[in-house]
Amino acid sequence: MLNLRPDIKECEALLKALVRRNTSQPEGNEGPLADWILERLLQKDSFQRLTYQFLEHGGHRKTLIVKINGAQDGRGTAFAGHLDTVDCAENKNWKYPPLDAVVTEDGFLYGRGAADMKSGVASMILTAEYLLNREEPLAEPVFFCFTADEEKDGAGAKALAKSPCMEEIRELIICEPSSGKIGYCEKGALWLAVEIHGASAHASRPEIGLNAIEYAMKFEREFRRFAAGKTRHKELGENTMSITRFQGGVMTNIIPDEALMEMDIRTVPGTSHTSLISHARELARTMEAECPSLQCHVSVMNNRPAVETKEEHPLVRNMQNAARSCQMSGELRGLYFYTDASQLVPEKGLPFVIAGPGDDRMAHCVNEKVALSDVAEMTEVYIRLLEDKRSETDEQRSTK
């Protein structure tokens, strides 16, 4: 079988270059990195197959869409990965400075974004370069979408979802770290902020005040019963709800007149976020009706629905076959965190999988690291997937 795996040294050099470019939130600054990626790919494009466009997000932030044209027009496969990382502020617990991209003797590269997800971006670039160096183009176009702002507001994926190029995409591979497995579903995230305004009073006379903290606690109890739902997903379990921020109170002997509560709700496929939001706002109106002096306001901070591809879908099966041909298990899994799929998939109903180099447990961690062998291995899987699709197309032509 043809060796499609890139050299480890090539993976190392590329990933070092990516990690050493600071694209951490909140600034992001993905634009210069997107420019660098494009310049590198253009240098490899000896057959003039590459077209591209930028989606601007203001400041030094932008998303890059690269299209490698096929022999025929039509819809094709897209790979997507984000260029931003979470904050990389200095931390005394890091073994090495987070932007130094140090490689250790055991073959791991340390640094912010090493796993989440500049390793996936590296595999995307190496796959694109393979296609650009290929003497004959594939039958179908292949897209490489390097998005901005995934770690915060999702500006890149939102813009991409509304871009005309989405009409040309038939299926999607999200290149997030997946621990050697293939993700076919991910939990959704709904973040709500609840603001309660009551009335202060001396704590010895609670009856003449309106305790905002206690009303917030009441809201939480009532809403949790509804948010839990009855839906259970075989891979992702049930909905969860966590209170992740709470502010209220001035002194021990003062009834608090204000409270702010933020909740992180993680949902399984089949859960309606619209229904959850409507119920939360209806509960707020009910509480106000029962106590006219009370004010209760619900706002949506983040809304990313759960998404899923059926296990029997051809994309899932093709990805499993490609992984197995590269001596990987091809085992399926669900992801508890959200990816750009939450913004890209619902818009067009695209089939997707999540498969990328690295261990997702490393994401956002101090001493984040990735095995360079994972980058080489997943690049081979991507290339094998595309080559197998070409083989299928050639076989179909030969039978006509």
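Predicted model: local features only at pLDDT ≥ 70, side-chain atom pairs only at ≥ 80, totals over all residues.
Local features were considered only at pLDDT of at least 70, and side-chain atom pairs only at pLDDT 80 or more, whereas totals for chains, interfaces and linings use all residues. Residues are numbered from 1 along each chain as its sequence is written, and side-chain values use heavy atoms, with hydrogens and water left out.

Confidence was examined through pLDDT, the predictor's confidence in each residue, from 0 to 100. The chain averages a pLDDT of 94. A score of at least 70 is reached by 96% of the residues. Residues 394–400 stay under 50. For this stretch the model has 2 contacts beyond four places in sequence, a contact being heavy atoms within 4.5 Å.

Secondary structure was assigned from DSSP runs, numbered from the N terminus: helices are H or I runs of at least four residues, and strands are E runs of at least two. Two strands pair if DSSP finds at least two bridges between them. Strands of a sheet pair through backbone hydrogen bonds, either parallel or antiparallel.

Strands β9 (residues 188–197) and β13 (residues 258–267) run antiparallel and are joined by 10 bridges. Within this pair, Trp-191 stands opposite Asp-264 in β13.

Strand β4 is joined by 2 bridges to β5 (residues 108–110). Here Val-103 stands opposite Leu-109 in β5.

Rolling a probe the size of a water molecule over the atoms shows where empty space is left. On a 1 Å grid over the protein atoms alone, a cavity is a set of points where a 1.4 Å probe fits but cannot get out; a pocket is an open set with protein on both sides within 12 Å along at least five of seven lines; lining residues have an atom within 4 Å of a point. Grid points are joined across faces, edges and corners, and a volume is the space filled by probe spheres set on the points.

The largest pocket holds about 420 Å³ of space. Its lining has 21 residues. Nearest its centre lie Glu-150, Glu-151, Trp-191, Tyr-338 and His-364. Strand β14 (residues 295–304) gives the most to this lining, with 4 residues. The lining divides into 6 nonpolar, 5 polar and 10 charged residues. In this count Ala, Val, Leu, Ile, Met, Phe, Trp, Tyr, Cys and Pro are nonpolar, Asp, Glu, Lys and Arg are charged, and the others, Gly among them, are polar.

The structure also holds 5 cavities of 30 Å³ or more. The second largest cavity contains about 40 Å³ of space. Residues lining this cavity include Arg-49, Asn-69, Leu-131 and Glu-140. Its lining divides into 5 nonpolar, 2 polar and 2 charged residues.

Some backbone features remain. A cis peptide bond joins Gln-25 and Pro-26, with omega about 5 degrees. Pro-26 lies in the loop between α1 and α2 (30–44). A cis peptide bond also joins Asp-116 and Met-117, with omega about -10 degrees. Met-117 is found in helix α3. Ala-101, a residue other than glycine, has a positive phi near 55 degrees. Ala-101 lies in the loop between β3 (76–82) and β4.
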